[in-house]
Amino acid sequence: MGKIKRFVYAGCIIAVIVLLAAVLWFEEYYLPLSFLVIGLAIIPFFIRFERKRLRTEEILLVAMLGAIAAVSRVPFAPLPSVQPTSFVIIMAALAFGAETGFLVGSIAAVVSNIFLGQGPWTPWQMFCWGMIGFTAGLLKDSLWMKRMWGRNLFGFLWGFLFGWIMNLWFLIGFYDQLSWPVFVSAYVASFYFDLAHALSNVFFLTLFSGVWMRILTRVKSKYGLLNPEDTPVKLPRSP
């Protein structure tokens, strides 16, 4: 009976979401619809995290890495798109996995915006930085992520992907009539900022990824955060 009730509740929730999405779409409320979609993409990760049996050390670790990623963004605010936040998120994901990477990225976005300004862009930043961590965690055991050039390529590509996704929020939020010329002009205008983000990722990964991985792996081992089946990523000192 319990399972039937859960299916009924889930079905009702899905029906309400679909109905709400249809209304927003046909009424051309694209910005609220985008918030709904972004929220549905983010919430499952937090629900899964809340349902896990985590020790205090593990919760503190996620909070600490999220805080480091957030605070590291603030001093670089005068330099548009140049910040080590993405680097911290990538390293957290390589050391602790995809879910931790997503949480660290999402926390970094919302906490750093306490200092830099909250707004309708915050959920989009939570999603983008979360997905940087999530994809880095999924690829952490691949051969190319264990090499310097592979990590640099990953960081470089995500510098552009981050900007391209954020451009969607800009277009939906500020333009009533969307067209191909509008899309092209927005993406051309953001090229410098996307390139700055990509190059800053490469810079921080090249200089600090080896040291950070050794420190994070040591923390995992010392406090028993390393699962028996989990193999730490060992980064070579040279490419």
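1. Which loop is Ser81 found in? Ser81 sits in the loop between helix H3 (56-71) and H4. Bear in mind while looking around that this is a predicted model.

2. Phi of Ser81 comes out near 70°, a positive value in a residue other than glycine. Ser81 counts as partly exposed because its relative accessibility is 28%, and that class runs between the 20% and 50% cut-offs.

3. Ser81 also turns up at the largest pocket. Of the 25 residues lining this pocket, Arg73, Ser81, Gln125, Phe162 and Met166 lie nearest its centre. The space in the largest pocket is about 690 Å³.

4. H6, helix H7 (148-174), helix H8 (180-189) and helix H9 (191-222) each put at least two residues into the lining. H7 has the largest share, with seven residues. By class, the lining has 15 nonpolar, eight polar and two charged residues.

5. The axes of helix H4 (residues 85-96) and helix H6 (residues 122-138) come within 8 Å and cross at roughly 35°, and the crossing is right-handed.

6. As for who touches whom: from H4, Thr85, Ser86, Ile89, Ile90, Ala93 and Leu94 meet Trp129, Ile132, Gly133, Ala136 and Gly137 of H6. That contact has seven nonpolar and four polar residues, with no charged ones.

Note on methods. Residues numbered from 1 in each chain as written. Predicted model: local features only at pLDDT ≥ 70, side-chain atom pairs only at ≥ 80, totals over all residues. Heavy atoms only, no water. Axes fitted to C-alpha atoms, helices over the stretch in contact; angles between N-to-C directions. Helix = DSSP H or I, 4+ residues; strand = E, 2+ residues; numbered from the N terminus. Left-handed = near helix turned anticlockwise from the far one by under 90°. Contact = heavy atoms within 4.5 Å. Nonpolar A, V, L, I, M, F, W, Y, C, P; charged D, E, K, R; others polar. 1 Å grid on protein atoms, 1.4 Å probe; cavity = no way out; pocket = protein on both sides within 12 Å on 5 of 7 lines; lining within 4 Å. Points joined across faces, edges and corners; volume = space filled by probe spheres on them. Buried < 20%, exposed > 50% of the residue type's maximum accessible area, 1.4 Å probe, protein only.
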